[in-house]
Amino acid sequence: DGYLYDNKVVAVIGGGNSAVGAALALTKYATKVFVINRGDAFQADKTSLEKMLNHPAIEIKYKTTVKNAVGTDSLESLLLQDDNGEYNLTVQGVFVYIGSTPRTKLYADYLKLDENKNIIADESCQTNIEGVFVAGTATGPMDIPDSILSAGAASAEAISYLIQKTV
């Protein structure tokens, strides 16, 4: 939905990989992206985090919570609270990315996971167990088109693996 906010100011709420990825993606459209994080650090992969922290169109609001969305007919601002008190932040759009934890707990005893609980795979989508392939958001944050491409790649690799094992 980022294209709907072309040349507008938006906010992303969250402190994980999904929020970081969304903030970076929104810079293609929005003139300014505020990232509102209730904590004082992000739990995201280092590469994406560095890109976000160094992006000129992104401003981080640490130790900040959203108290309310303000507007008459549409969103006009967010009422925020930080250590200095409450204040309004003018934005035209909000993207909420909280509570998005990979659902990989079931596999934690078998497959190697990274520090963000994503399943680790090589370039052929192969996990640490021979014949077990993984795709999509279980390997890290990605948008829908990338997830679909990842699933196709993993399927092709799995078929190739099975053909080699039966020949």
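The model is predicted, so to speak of local features a pLDDT of at least 70 is needed, and side-chain atom pairs count only at pLDDT 80 or more, while totals for chains, interfaces and linings use all residues. Residues are numbered from 1 along each chain as its sequence is written, and side-chain values use heavy atoms, with hydrogens and water left out.

I'll start with the overall layout. The chain has 3 helices and 7 strands; these are DSSP runs numbered from the N terminus, helices being H or I of at least four residues and strands E of at least two. In sequence order the pattern is β-α-β-α-β-β-β-β-β-α. The C-alpha trace spans about 65 × 30 × 30 Å along its principal axes. Of the 167 residues, 32% count as buried, meaning under 20% relative accessible area, with exposed over 50% and partly exposed in between, for a 1.4 Å probe and protein chains only.

Next, the helix pair. How do α1 and α2 pack? Helix α1 (residues 17-26) and helix α2 (residues 46-53) meet at an angle of about 45°, their axes 10 Å apart. Axes here are lines fitted to C-alpha atoms, for helices over the stretch in contact, and angles run from 0 to 180 degrees between N-to-C directions. That angle makes α1 oblique to α2; under 35 degrees would be roughly parallel, over 145 roughly antiparallel, 65 to 115 roughly perpendicular, and the rest is oblique. On the α1 side, Val-20, Ala-23 and Leu-24 meet Ser-48, Leu-49, Lys-51 and Met-52 of α2, where contact means heavy atoms within 4.5 Å.

Met-52 leads on to the core. The largest nonpolar core has 18 residues, and Met-52 is among those with the most contacts inside it, along with Val-12, Val-33, Val-35 and Ile-58. Such a core is a set of buried Ala, Val, Leu, Ile, Met, Phe, Trp, Tyr and Cys residues joined through side-chain atoms within 4.5 Å. Helix α1 gives the most to this core, with 6 residues. Leaving aside residues up to four places away in sequence, Met-52 touches Val-20, Ala-23, Leu-24, Val-35, Phe-42, Ile-58 and Ile-60.

Last, two lysines. Lys-63, in the loop between β3 and β4 (65-70), has phi near 50°, a positive value in a residue other than glycine. Lys-117 also has a positive phi, of about 70°, and sits in the loop between β7 (93-96) and α3 (144-166). Lys-117 counts as partly exposed because its relative accessibility is 48%.
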